[in-house]
Each structure stands twice: as structure tokens, then as C-alpha cells.
Amino acid sequence: MNDKLIVSTSPHLHKKEESVAKIMWLVALSLLPAGAAGVFIFGLSALWVIILGVVSAVITELILQVLTKNKITILDGSAVITGLLLAYNLPPKVPFWLPIIGSVFAIAIGKQVFGGLGQNIFNPALVGRVFLMASWPKYMTAFTQPLPAGVGLSYDAVTQATPLAILKETKILEQLSYWGLFLGKRGGCIGEVCILALLLGVIFLLAKGYISWHIPVSYIATVGIFTYIFGPKGLFSGDWLFHILSGGLILGAFFMATDYVTSPLTRKGHLVFGVGCGLLTAVIRLWGGYPEGVSYAILMMNAAAPLIDRYTRNRVYGTS
Amino acid sequence: MKTLVREFVKGIIKENPTFVLALGLCPTLAVSVSLSNGIGMGIAATFVLIGSNIIIALIKEMIPERIRIPCYIVVIATFVTITELTMKAYSPALDRALGIYVPLIVVNCIVLGRAEAFASKQSVLNSLFDGIGMGVGFTLALILISGIREFLGAGKLFGHVLIKGFEPAFVVGMPSGALLVIGLLLGFFNILKEKRQ
């Protein structure tokens, strides 16, 4: 009987035919539509950011695992996901070395230093992004306009602030239609703007059961409710749909907050986690110093995840 | 003579106050933003260490054991006041840059720690060399950390730009960057220590 009890950290798997690697690669696949949309909207420089981010992440993990004589796990797809998510969190026209340094930091400090997959406390892609934001704010806040329709893939770019940045500066909501926000006709990070493409990947993940609705729904609902209540013209006047469709909320709620390793274990814990992320995101957006709060909110809740686990433990039948 | 040299050398590598004993990390984190600050703090702390170690070793028989800490503090505070007034007179820019961390040398764990662990039990000559060794070790650690942080965080060394067009990572100059740099250096030195065994 004892050899059937396996004690391990997340990711935990139930079905025998699934492996961590298979799930990771399918998650990476589900991320591709958002990247393709980003490249289509912002031009070829976005493609370079994505390629550099992914390649640097994989090479960093390979080098570190060779140097420390550990098992080489680059084929399990988790470094690829980290590289993709980091690139998706960057503006389209950053210098070439930015995604490289970000990926190196994300893998080396965000993941490997803790002991590799399953041991990290924080989402590695967000660790990399926050490091880049604190180090080179000038490049991390220089966003470009979407390419005019019909231009095709090109390297041209015109700078433009994101809707959330304009909201933070002028307190006036940009005159964008919700449909425009949904399709991604706005300035922003590569992988966050096209909600449609993101949702394509989300539907796939939900259908296969690789993520559950608990974290994303509680996260997004909390942001919506909070921003509705604390609106600019007094209570219950907030534009909650604008807030849900802006910034990195959809990308963060579905692809980063749901990371198995850094989120709580139980469904109840997921709900608490999502609400916490939502509250922090909304507070930072409305009253904090930054226009967008998704990355900091998720990182802070990552730190709280073990605490949430302790209080939402599944009760064993027969004990009080 | 050999013992004296050993007391001096241990403060530099084997019992380096920053990377082995992990003492005095608070001023290290705060002050290591630039090389000139780091060296200035290192010299000031070394002077206080040497002075307090000598005096405490001289009067160690006279101090009742139950009130030894306040007695050490009085001695250390005297030397820190000398240092502070000298700094204010001859290098006011350094004093302004170090700010409150000059008076805080009084409670620097290295100074109080060596007084308690060494000077109160050993001869004056041994305590002198221990003080010099610890002070030099602290200063070398500060030079290493400040050099890295000033170069990566501000792109300069001693206030001069080294590589034109180099984009420094601002976070390295901030407190979070200090913790990152010191943590990574500590890990690196631990690896070296393990390899040697």
C-alpha cells in the first residue's frame, strides 16, 4: 500500500495518460493565437520579441541544468511557456536585449534558483516582467499603435499610450468601442490586446480540463464588481466592461493566475485566490501608482497561496 | 607573530563579516549604491572597529559582566562620534551621502559582535589585528557589492560613465536590487566554499 502514496509538489496529475510535458505543450499551443494576433496587430518586431523570449528561456534552463548537473527538462515545455508569457507581457518595440535579459532572469531567479518546476513560489514570467519594469521603465512603458489595416506585417510603429495609461493620467476613458477593445485595436503588450485570440486558447484549455473556471471567473468578476462600485462619478458608476477588456486582465486571469505550481491546491482556495487577485488589481488600477496592476496582484497572491492552502484544506472525513 | 597574521587574514575570507558571518548587512544594503559610498563606510567602520577593539581589550577586566553591553556601546559611540565629526569636517559630501548610516555604525553588528565575541576575551594585540582584519574584510565586501551595484544600476564607477550607450538596470540601485546582489554573491561564495571542501 505504501508504494502507492506519492508525496510531491504541484503539478499533480490524476489521469495516467497525461504527463506534465503533454499538458505544458498543449498550454503553449493554446497561447499561440494570442501571439499571432499580436504580431498581426503590431508588426514583425513583436515576432522577434516572442522568438527571443522563448529561445532565451529554453537556453537559460538548459545551461543552468547542465551546470548544476540536474536532469535536463527543457523538453517539458514549461520554459517555452515562461518565455511566451514573458514576451506577451512586453511592448512590441522593445530593444532586442530586453526579452533576453527578462527570460534569463525569469528562468534563473524565478524558477531554477528555487529548485526548478514545482518548487517556485512566484510565477516566473511575472518575476521577469516585474524585474524588467523596475530596471528599464522607459522601455517597458513605450507602447505603439496598432498597424493601420491593410499595411500587413511590417516594422513601422507610432507610439501611443495604452487605454489604462490614459485613464490613469487624464481620468478620461479613451473613446474606444468595446468591440475594438475585444479585437485588440489598442496599444498594449503583445499578447494581451487581442481578447478574441486569447479566448480561443481559453476555450481549448477549459474543454480539455487543463484549467478550471474558478480562478479566472472569481478574478475577473471581482475586478468588474469593484471597478463598477468605485466609479469615477461616485458609487456604482464604473465602466466595468472597459476594465475587464483592458490591460492584461484576460491574459493574466486565464494563463498566469491559473499556473498549477503557484496557485492554491483546492477549488475553494482558487476562489479566494481569484478574489484576492481581483481586489489587488482593482485597487492598483484605481488608486495605485501604476496604470495596470495585474502582474503585481498575481505575484502578491502567489506569496499568499501557501497561507490560503492552509486555511482551505480539504477536511478528512471523520475528523472535526 | 603567526597568530596575529592569522587573526588578520581570517577577517578577510574565512570569517568575512558580510559573506560568512552575515553581520552588518543593513548598512551594507543601504550604503552600497556607489563605490565611493562603500569605501567611505568601510574606512569609517574599520576605524571604529580598531579603536573600540583596542579600548575594550584594555579595560575588559574592569567591566562588570552584567552591564557589559552598555559599556561597549559607550566606547563604540565615542569612536563613532570622532569619526562622524571628522567626516563632517573633512569630507562633508561623503557624510551627506552616507547620511544616517554614519551614526548607525554604533549599532553595526560587526563592531558590537567583535567586541562581545573577541575583544572582551583576548589580548590587546590580538584584538587590534582582529579589528583590522574584520574591517578590511568588510571594506572589501563593500567594494565588491558597491562596484557591482554602481555599474549595473547606474552604469558608472566612481561617478564616471564607463561604457557609452550602456543601459543600466535601475532596480539594481534600489533596495530590492541590493538584496538580489548580496543574495546571489552569498550563494556564489557558498558554492566556492563547498567546492573547496
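How many of the residues of helix 12 of chain A are buried? In this predicted model, local features need pLDDT of at least 70 and side-chain atom pairs count only at pLDDT 80 or more, while totals for chains, interfaces and linings use all residues. Residues are numbered from 1 along each chain as its sequence is written, with chains lettered from A and ligands numbered from 1 in the order in which they are written.

Helix 12 of chain A spans residues 249–256, and eight of its eight residues are buried, including A:L249, A:F254 and A:M256. Here a buried residue has 20 or more other C-beta atoms, placed from the backbone, within 10 Å of its own, and helices (H or I, at least four residues) and strands (E, at least two) are DSSP runs numbered from the N terminus.

Beyond its neighbours within four places in sequence, A:I190 is in contact (C-beta atoms within 7 Å) with residues including A:G35, A:F42, A:A87 and A:P92.

Turning to chain B, eight helices and two strands are found, in the order α-α-α-α-α-α-α-β-β-α along the sequence. The C-alpha trace of chain B spans about 60 × 45 × 30 Å along its principal axes, and 37% of its 197 residues are buried. Between the chains, four residues of chain A are in contact with six of chain B.

Notes
Two residues are in contact if their C-beta atoms, placed from the backbone, lie within 7 Å. A residue is buried if 20 or more other C-beta atoms lie within 10 Å of its own, exposed if 12 or fewer, and partly exposed in between; C-beta atoms are placed from the backbone.
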